[in-house]
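Hello,

Here is the structure you were waiting for. My notes on what was found in it follow below the display.

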Amino acid sequence: MRDIIIYGLVGVVNTFVGLGNVLVLTYFGFVAEMANFLGYVIGVCLSYFLNSKFTFKSKITATKALKFLISMGIAYCLNLGFLAISYRVYDIDVYLAQCLAGAVYTISGFILCRYFVFLK
C-alpha cells in the first residue's frame with residue numbers, strides 16, 4: 001500500500017510537470033498527439049528518478065532504466081491509443097481526452113513498475 005501512495009505522490013509531481021507541458025503545448029497549437037508525446041518524454045525522465053529513489057527505493061541501474069523505458073513505452077502506447085480513439089473517433093474534448101489518457105498511463109505504468117521494473 002505504501003508503494004501505491006508514494007507512486008501517487010510522485011504522479012502528482014509528474015502531472016504538474018508532464019501534463020502541464022501537454023496542456024500548454026496544446027494551448028499553443030501543437031497537434032494533440034505531439035503535445036502528448038513531448039509532455040510524456042519529460043515526465044518519464046522525472047518519473048524514473050523519483051520512483052527509483054522514493055517509491056521503490058531502488059538503485060538506479062542501466063537494466064532498470066531500460067525496463068522502465070520499455071514499461072513506460074507500453075503505458076504510453078495505451079495512453080496514445082486511448083487519446084486517439086477518444087479524441088479522434090468519439091470527438092471528446094481534447095483537454096478531457098488528454099486527462100483521461102493520463103489516467104490510463106498512470107494505472108498501467110504502476111502495474112508495470114511494480115511487477116516488471118522494481119520487483120520486490
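Helices here are DSSP runs of H or I with at least four residues, strands are runs of E with at least two, and both are numbered from the N terminus. On that basis the chain reads α-α-α-α along the sequence, with 4 helices and 0 strands in total. Please keep in mind that this is a predicted model.

Overall dimensions

The radius of gyration is 14 Å, close to the 14 Å that the globule rule gives for 120 residues, so the chain is as compact as a globular protein of that length. Taken along the principal axes, the box filled by the C-alpha atoms is roughly 40 × 25 × 25 Å. Buried residues make up 38% of the 120 in the chain.

Helix 3 against helix 4

Helix 3 spans residues 62-89, and helix 4 spans residues 94-117. Their axes lie 8 Å apart and the packing angle is about 150 degrees. Angles over 145 degrees count as roughly antiparallel, and helix 3 is therefore roughly antiparallel to helix 4. The residues of this contact divide into 20 nonpolar, 7 polar and 2 charged. As for handedness, the crossing of helix 3 and helix 4 is right-handed.

Two residues give some detail on these helices. Gly109 belongs to helix 4 and counts as buried, at 0% relative accessibility. Its C-alpha atom is separated by 6.1 Å from that of Met72, although Gly109 and Met72 are 37 residues apart along the chain. Leu78, in helix 3, is partly exposed, with a relative accessibility of 45%.

Salt bridges

How many salt bridges does a search of the whole structure find? The search finds 3. Arg2, Asp3 and Arg114 are linked in a network, which can be taken apart as follows.

- Arg2 and Asp3 meet through their side chains at 3.2 Å, N to O. Arg2 is partly exposed at 38% relative accessible area, whereas Asp3 is buried at 9%.
- Arg114 and Asp3 form a salt bridge at 3.7 Å, N to O. This pair links distant parts of the chain, with Arg114 in helix 4 and Asp3 in helix 1 (residues 2-27), 111 residues apart. Arg114 is partly exposed, having a relative accessible area of 21%. The cut-off for buried is under 20%, which is why Arg114, at 21%, is classed as partly exposed.

The other salt bridge joins the side chains of Arg88 and Glu33 at 2.8 Å, N to O. Here too the pair links distant parts of the chain: Arg88 is in helix 3 and Glu33 is in helix 2 (residues 32-55), 55 residues apart. Arg88 counts as partly exposed, at 48% relative accessibility.

Positive phi in the loops

Which backbone angles deserve a look? Most residues other than glycine have a negative phi. Lys57 has a positive phi, near 45 degrees, and is not a glycine. Lys57 sits in the loop between helix 2 and helix 3 and is exposed, at 64% relative accessibility.

Asp91 is another such case, with a positive phi of about 55 degrees in a residue that is not a glycine. The loop that holds Asp91 runs between helix 3 and helix 4. Asp91 is exposed, with a relative accessible area of 65%.

In short

The chain is a predicted model with 4 helices and 0 strands. Helix 3 and helix 4 pack with their axes 8 Å apart in a right-handed crossing.

Regards

Terms used:
Residues numbered from 1 in each chain as written. Predicted model: local features only at pLDDT ≥ 70, side-chain atom pairs only at ≥ 80, totals over all residues. Heavy atoms only, no water. Salt bridge = Lys/Arg side-chain N within 4 Å of Asp/Glu carboxyl O. Buried < 20%, exposed > 50% of the residue type's maximum accessible area, 1.4 Å probe, protein only. Axes fitted to C-alpha atoms, helices over the stretch in contact; angles between N-to-C directions. Parallel < 35°, antiparallel > 145°, perpendicular 65-115°, else oblique. Left-handed = near helix turned anticlockwise from the far one by under 90°. Nonpolar A, V, L, I, M, F, W, Y, C, P; charged D, E, K, R; others polar. Rg over C-alpha atoms; globule rule 2.2 N^0.38 Å.
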